[in-house]
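Please read this briefing alongside the sequence and the structure. It takes the topics one at a time, in short points.

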Protein chains: 2
Amino acid sequence: MKAKAAVMHRPHEPLTIEMIDLDQPARNEVLIKTAFAGVCHSDLHYMEGLYPRACPCVLGHESSGVVLAVGSDVTYVKPGDHVITCVSVFCGECEYCLSGRMSLCVSPATRRAETAPPRMSLNGVAMPQPGNLSSFADHMLVHEHAVVKIRPDMPLDKAALIGCAVTTGVGAVFRTAKVEPGSTVAVTGMGGIGLSAINGAAIAGAGRIIAIDRVASKSNLAKEFGATDFVDASAVDPVKEIRAMTDGGVDYSFECVGLKQTVEQSFRMIKRGGCATVIGMMPVGMRFELSGAEILGEKRIQGCAMGSNRFRTDMPRFVAFYMRGLLKLDLMISGRVTLEQINEAYAELKKGEVARQVIAF
Amino acid sequence: MKAKAAVMHRPHEPLTIEMIDLDQPARNEVLIKTAFAGVCHSDLHYMEGLYPRACPCVLGHESSGVVLAVGSDVTYVKPGDHVITCVSVFCGECEYCLSGRMSLCVSPATRRAETAPPRMSLNGVAMPQPGNLSSFADHMLVHEHAVVKIRPDMPLDKAALIGCAVTTGVGAVFRTAKVEPGSTVAVTGMGGIGLSAINGAAIAGAGRIIAIDRVASKSNLAKEFGATDFVDASAVDPVKEIRAMTDGGVDYSFECVGLKQTVEQSFRMIKRGGCATVIGMMPVGMRFELSGAEILGEKRIQGCAMGSNRFRTDMPRFVAFYMRGLLKLDLMISGRVTLEQINEAYAELKKGEVARQVIAF
């Protein structure tokens, strides 16, 4: 079948809107009519060539939709079901999947790039499927382990955000770091993931939640998500400031930017025995430096892959949090655009002044 | 009272044996007749000026002894009790002590340097008490929270090792990293701490325990402590070797050297989702570099302070492990020396070819 998609032909060039071809669902696949796709920062890294990607390809990995058709073996969803897509498809058979760490699964069994024949093409040229999804298209053909079924009364624009930013930011707080009630938390970078981490810390009952950003105007937004304090990193040294505010450092920090400086600062702003969680997608080859003397105070730094999430367990929980008014997804969506406006939407994102835009199909 | 001690007058000079003065026990203090003191690598760092220390002073922090006298408020021990000393004295009142992380306590309440008047002096000049102990002396005057009482049938030479190397290495496995049965473990550096970590991993039921050292002759010793494999880091790249041996990396690595290169290697030899624990005492100002892409595979690196130990709970357990034949302390002691031979003992240690020497008083 045909689908309308935003195609990346090579880095540093605008995406172009094209009609692409999708195959029929194989036995374990699901065809989805895309409802919404988030304009997420990690795709910008691909467009800017910071991570290599085989081209042409269709990016996009934070989406929601309605099931149109399923392969012969699929029983988990049926046509008409509402779903959130998962950028981390799980195999359900490996050590990671079977120990509650499915976001670490790298099994080729469910990976799109490994599937032969390819599932999508442009003018007869097979295309890989980045993130196993390719959400910048009005239809998606994905593995059944790349979808999570949600209740039909959940608005699909908010649901799309749960596909990446929310799962990652809230999951980092709940699952990667396991923040306890009453503890102190600092979050650097008030994009979709950072605001989700703030929101997750508020739901988890953190005692003090400090938002850090270089754009002072994000203070109010951060506070609406649950931040108790805001530090303007363009005006003060955030490490000094946070150490002073918290008598030596926070229990938990979350880095949601992906820069050497912010990773190092996130480690330095935790107290003895504290834990820094690195979420921001860092450019290929990026390295960061830590102090030996500091780490010996039982400081910990750890990476986070998709919020250490258990997709089919956790995404419906996030939906429930939204429906109860605890997850502030209405505030997170700063604008809606059409697929044709995708290049402008990314130009906006790059300025760093918007929270999360979604593409409406 | 008078005590015979090895005094450091300044870095890079031999210690000299002198008669020093100890005060009478204050209300919460314990006077100990030292039985044995370990020749531990961290004191070498002080002697070589890598960490600044006020001089003159008496080093030594891994010791056992017999209680001679106690202050008026002390009820935990009485004269005649056998004790192990703790380099991390605990206050019993702070957030860390009261959350099971007493090795992170930095409360001044129990710290020797903070005590006025000073507890020891040389020719009328007050001396600080490094590590709150100063074990290179035939008597020690310490805070009651710096001792753990042990059963009297435990040999005191082996008991001394529990004061630092064993508590740190075994504790890093049990408490800091929480190694599970069947998991894969790699330990870099086969000194007292590294051998203890190997031994701890064996007691914890690790499935594969890989010892790494640049001295190939340590292979047999490591295996006696429980290592299943040995990697000679002077002959091969330990990261490549371990990744090949374990299909991508170990679950847990332990760094027991304290060098930039070995810290970085310890991080790189863990698998996706793995955990590196840094124990080795690093020189002041030492920094290490990690790869952003690697940490995002949910890798974790954390420091370890005295094995995250709960001294009064854990040290008697270690004694029991020794008495049951599980903790191989007999193998760890490579030689006995007198206090007068301390400079020669450190020269031996520096060569890297001995496991653990103890000073017998």
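Is Lys178(A) buried or exposed? With a relative accessible area of 55%, Lys178(A) is exposed. The model discussed here is a predicted one.

**Backbone features**

- Most residues other than glycine have a negative phi, and most peptide bonds are trans.
- Lys178(A), which is not a glycine, has a positive phi, near 55°.
- Lys178(A) sits in the loop that runs between helix 3 (residues 165-176) and strand 10 (residues 184-188) of chain A.
- Asn123(A) also has a positive phi, about 50°, without being a glycine.
- The loop between strand 6 (residues 120-122) and strand 7 of chain A holds Asn123(A).
- Asn123(A) counts as exposed because its relative accessibility is 66%, and the cut-off for exposed is over 50%.
- In chain A, the peptide bond from Cys55(A) to Pro56(A) is cis, and its omega is near -5°.
- Pro56(A) belongs to the loop between helix 1 (41-47) and strand 4 (63-70) of chain A.
- In chain B, Cys55(B) and Pro56(B) are joined by a cis peptide bond with omega of about 0°.
- Pro56(B) lies in the loop between helix 1 (41-47) and strand 4 (57-58) of chain B.

**Thr85(A)**

- Thr85(A) is part of strand 5 of chain A, which covers residues 82-85.
- Its relative accessibility is 0%, so Thr85(A) counts as buried.
- The side chains of Thr85(A) and Ser63(A) make a polar contact at 2.7 Å.
- Beyond its neighbours within four places in sequence, Thr85(A) is in contact with several residues, among them Ile32(A), His61(A), Ser63(A), Leu133(A), Met140(A), Val147(A) and Met315(A).
- Between the C-alpha atoms of Thr85(A) and Asp247(A) there are 42 Å, and the two residues are 162 residues apart along the chain.

**Ser134(A)**

- Ser134(A) is located in the loop between strand 7 (125-127) and strand 8 (139-143) of chain A.
- Ser134(A) counts as buried because its relative accessibility is 1%, and the cut-off for buried is under 20%.
- A polar atom of the Ser134(A) side chain lies 2.8 Å from the backbone oxygen of Val58(A).
- With neighbours within four places in sequence left aside, the contacts of Ser134(A) include Val58(A), Leu59(A), Gly60(A), Met120(A) and Met140(A).

**Pro316(A)**

- Helix 9 of chain A, residues 311-323, contains Pro316(A).
- Pro316(A) has a relative accessibility of 32% and therefore counts as partly exposed.
- Not counting residues up to four places away in sequence, Pro316(A) touches Val148(A), Lys149(A) and Phe311(A).

**Helix 4 and helix 5 of chain A**

- Helix 4 (residues 192-203) packs against helix 5 (residues 218-225) at an angle of about 35°, and the axes are 8 Å apart.
- Helix 4 contributes Leu195(A), Ile198(A), Asn199(A) and Ala202(A) to this contact, while helix 5 contributes Leu221(A), Ala222(A) and Phe225(A).
- Sorted by class, the residues of this contact are six nonpolar, one polar and no charged.

**Chain A and chain B**

- Two copies of a chain are related by a rotation about an axis and a shift along it.
- About 3,100 Å² is buried between chain A and chain B, and 50% of it is on carbon and sulfur atoms.
- The residues of chain A that lose the most area to chain B are Arg272(A), Leu296(A) and Glu298(A), together 23% of what that side buries.

Technical notes. Residues are numbered from 1 along each chain as its sequence is written. Chains are lettered from A and ligands numbered from 1 in the order in which they are written. This is a predicted model: local features need pLDDT of at least 70, side-chain atom pairs count only at pLDDT 80 or more; totals for chains, interfaces and linings use all residues. Side-chain values use heavy atoms; hydrogens and water are left out. Helices (H or I, at least four residues) and strands (E, at least two) are DSSP runs, numbered from the N terminus. Buried means under 20% relative accessible area, exposed over 50%, partly exposed in between (1.4 Å probe, protein chains only). Contact means heavy atoms within 4.5 Å. A polar contact is a pair of N or O atoms within 3.5 Å; within protein, one must be able to donate a hydrogen and the other to accept it, and residues adjacent in sequence count only if both atoms are side-chain atoms. Axes are lines fitted to C-alpha atoms, for helices over the stretch in contact, and angles run from 0 to 180 degrees between N-to-C directions. Ala, Val, Leu, Ile, Met, Phe, Trp, Tyr, Cys and Pro count as nonpolar, Asp, Glu, Lys and Arg as charged, and the others, Gly among them, as polar. Buried area is the accessible area (1.4 Å probe) that two parts lose on being put together, summed over both.
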